[in-house]
Amino acid sequence: MKRFAALFTRLDQTTRTTAKVAALADYFSEAPEPDRLWTIALLSGRRPKRTVNATILREWASDTAKIPLWLFEESYAIVGDLAETIALVLPPNRTESDHSLTHWITEIRRLPTLEEPDRRALIDAAWDRLDASERFLFNKLLTGGFRVGVSRTLMTRALARATGIDEPDLALRLMGDWSPDTTTYRRLVLEPDPEEDLSRPYPFFLAYQLEDDPEDLGPVTDWLAEHKWDGIRGQLILRGGTHHVWSRGEELMTDRFPELAAARDFVPDGTVIDGEILAWTDDAPLPFAALQKRIGRKTVPKKLLAEAPVILKAYDLLEWQGGDIRATPLKDRRALLDTLVESLPADAPIRLSPRLAADTWKILADTRARARDIGAEGLMLKRLDSPYRVGRTKGDWWKWKVDPLTVDAVMIYAQQGHGRRANLFTDFTFAVWDGDTLVPFTKAYSGLTDAEFRQITAWVRKNTLERYGPVRAVTPEHVFEIHFEGIQASTRHKSGLALRFPRMARWRHDKKAAEANTLGDLKQMLAAYG
Amino acid sequence: MAVLTFTPEGIHCPAGGFHIDPWRPVDRALITHGHADHARPGHAHYLATETAAPVIRHRLGDIALDTIPYGETRRIGDATVSFHPAGHVSGSAQIRVAVGGEVWVVSGDYKTEPDGLSEPFEPVKCHAFVTECTFGLPVFKWAPQAEIAAEINAWWAATLAQGRTPVLGAYALGKAQRLLACLDPSIGPILTHGAVETVNEVLRAQGLALPDTIRVTPETDPKDHPNALVLSTPSGLGTTWMRRFGQTSAAFASGWMRLRGVRRRRAADRGFVMSDHADWDGLNAAIRDTGAERVFVTHGYTAQFRRWLEDQGYDAQVVDTEFEGESLDTPDAEDAA
Ligand SMILES: [Zn+2]
Ligand SMILES: [Zn+2]
């Protein structure tokens, strides 16, 4: 664990990509192979499941730290991370341990087989043998929330450096349905058997948001434009007479979307399609909330299947007749895809994401402006002669999202942030006017600079009207421009609506509270886009 | 009768007719130390310790400032006051106020671990204690200063080995001088930001022994000072001012660096957990050692700390002061203020 903790400390102590890659490459060259495998698993989102109930863990930690539970909870509220809070409140460890990362993960996974007193004894013994940074990582693994600020791409680059294997090749090897229980470092990384995992998806190609003028991209005829659909990006894999559905987050979702099984009847074996899974009826997408209900279910009740049936909006063809065609230019891949999908019966669960024809960027800009009307988030622009690349790469693919919806709202409650912003007021509740009363309708946390958060924090302290626990009611004085991506009806909120991805875009120093928007304005947006 | 009351101007002693660290102009102000949220302009008369006075004068200019040595008692109206070391920064004091047989102490900002530079904290027996609690949560615990010093010096050497210039950010009054005393001059010279050097000069002039430093001016060429470490103000980190040093590695020293989230927000390469305020154990020990039954908490995690003290059997209350604003709202200055 010491080596892994040292790696984590090196990663955590730098913001430079090159330093992170170097730290990881060193680790991948030096650590024992089982630890390397676990590290790859952890950094690619294959975390061990939570094996201890978080409530019990909090009780044990506060007990061992000899502080009351309420004080532990207050500390947690400020620190914002359970594993870190535990590591910080515990007394210093009295002994050391040379055990490996794999040893401690094995211990953690043994916990469910133990009786409760033995579980506590194991955890207490670990806390007493691990130093502060090891303990933090142990707790992270214990609570199932292990995340490090290292992207998959960086991890793959470091592993490529340590092994001398080509980066795209490695990225492919690390995809799919494996865990440290089902493979070894050698079999996964060094000597993979391509036949081993028929379900293996390709690394997804991801786009950056287009910030500049699209005219800068060159002639519009070099580009394929299509709508950016608001569903779950996924790959449908047909190999060996069976099918698999992967989400972009590399979750196997085959059973969640049984409709897609019908693809086996029409689509030939040796095919992989990249697309967007959407809840879809009457030739239009249902709001994301409908799909969300489906995601939550491992098995889907009939009623939900009927209410929110899914389809795959096909974007791209990655494998055809058993061959990886990602290096083929998009226009050729797309031609194959078009032919394939057009040959399917009308009720097949696969539809083409239509190409948006345009002679000028101006026409596309108009289409983009209307994207929300048909339930899309904007447009995607893809260079026609581009290969299907790995990960988020600039240049060939761009997402060109519609401008967000906006509303001017009055800040009425404030709460202290946690983690990064533990010492500032950052969590605000906003209201709009309904007659002469202010109705809260959303919270927002992000969008201001640290300097602005400091300024508003000072103001909150001096303008607190009332305290409700950690929440302070403040003088309704400041107006903020709130940006959001979507709006839905909601029975859970007093305002009757809920926003998607609300954030503070601007502090409107130029506006008085009376000039904020009204509930009526929001209801109009709900009618138009909800 | 209460020895001290909490008024819109600040902490007030009716029997003595004076205020302690008031934030609005008053006739007579007793000042615990020179940080901006405690020593404010506009009062008619000031009283501070002899060692705190030069910095206060430097900051506030031509003021009517009277000084008093630590431990000496002085009669003001019907009250008797004395100043006692708070261990926060050089010259910082707790202020003891006795009226009749009743003794109250205002802690100002304090730190219980001796730092080798400021006069070490001394517990003062009292009936009521007005204490700060900037770090009044059990997650805030400091390692011994020698350990942090070793970490900082190791970082200095490692950064040089990478061909970079280490730039350490710390509040100009207090933290910067404490760091100076921690740095190992055998590694290389110490360059200082103008704001830090100005305070150094004031402190040296009053006889404080500080290591040699070199003020960074527009003419300074880093090549003339190989192996140097740069001591900057927090606001100097990440600015164009740093560019002159070429490839740098920035570090920041503060109690807030105990929290990973805050450490990451600073976007510095390193965060050293070093504070001029008491940690959780320090606060609890200090309060216990006063023997006080009543405790007023200000400045920090007051709601949580008050409840904890009440659990421990104290009669504890929160006092809203404007120190809180300064100390928490400016993460740069926060725990040094
Ligand atoms: Zn201070
Ligand atoms: Zn202060």
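Me: In this predicted model, which cysteine sulfur is closest to that of Cys133(B), and how far away is it?
Reply: Cys133(B) is buried, its relative accessible area being 0%. A disulfide would need the two sulfur atoms within 2.5 Å, and the closest cysteine sulfur is too far away for a bond, because it belongs to Cys126(B) at a distance of 16 Å.

Me: How many disulfides does a search of the whole structure find?
Reply: Cys13(B), which counts as buried at 0% relative accessibility, has its closest cysteine sulfur in Cys126(B), 14 Å away and therefore too far for a bond. Over all chains, the number of disulfides found by the search is zero.

Me: Is the aromatic pair of Phe140(B) and Trp256(B) stacked or edge-to-face?
Reply: Among the 27 aromatic pairs found over all chains, this one has ring centres 5.6 Å apart and planes at 85 degrees. Planes over 60 degrees apart fall in one class, so the pair of Phe140(B) and Trp256(B) is edge-to-face.

Me: How many residues apart in sequence are the parts that this pair of Phe140(B) and Trp256(B) ties together?
Reply: Phe140(B) and Trp256(B) are both buried. The loop between strand E11 (128-133) and helix H2 (145-161) of chain B holds Phe140(B), while Trp256(B) lies in the loop between strand E16 (248-253) and helix H5 (260-265), so the parts tied together are separated in sequence by 116 residues.

Me: Over which ring does the charged end of Arg307(B) sit?
Reply: In chain A, the charged end of Lys382(A) sits over the ring of Trp397(A), 4.1 Å from its centre. For Arg307(B), the charged end lies 4.0 Å from the centre of the ring it sits over, that of Trp70(A).

Methods
Residues numbered from 1 in each chain as written. Chains lettered and ligands numbered in written order. Predicted model: local features only at pLDDT ≥ 70, side-chain atom pairs only at ≥ 80, totals over all residues. Heavy atoms only, no water. Buried < 20%, exposed > 50% of the residue type's maximum accessible area, 1.4 Å probe, protein only. Phe/Tyr/Trp six-rings, centres within 6.5 Å; stacked < 30°, edge-to-face > 60°. Helix = DSSP H or I, 4+ residues; strand = E, 2+ residues; numbered from the N terminus. Lys NZ or Arg CZ within 6 Å of the ring centre and 35° of its normal.
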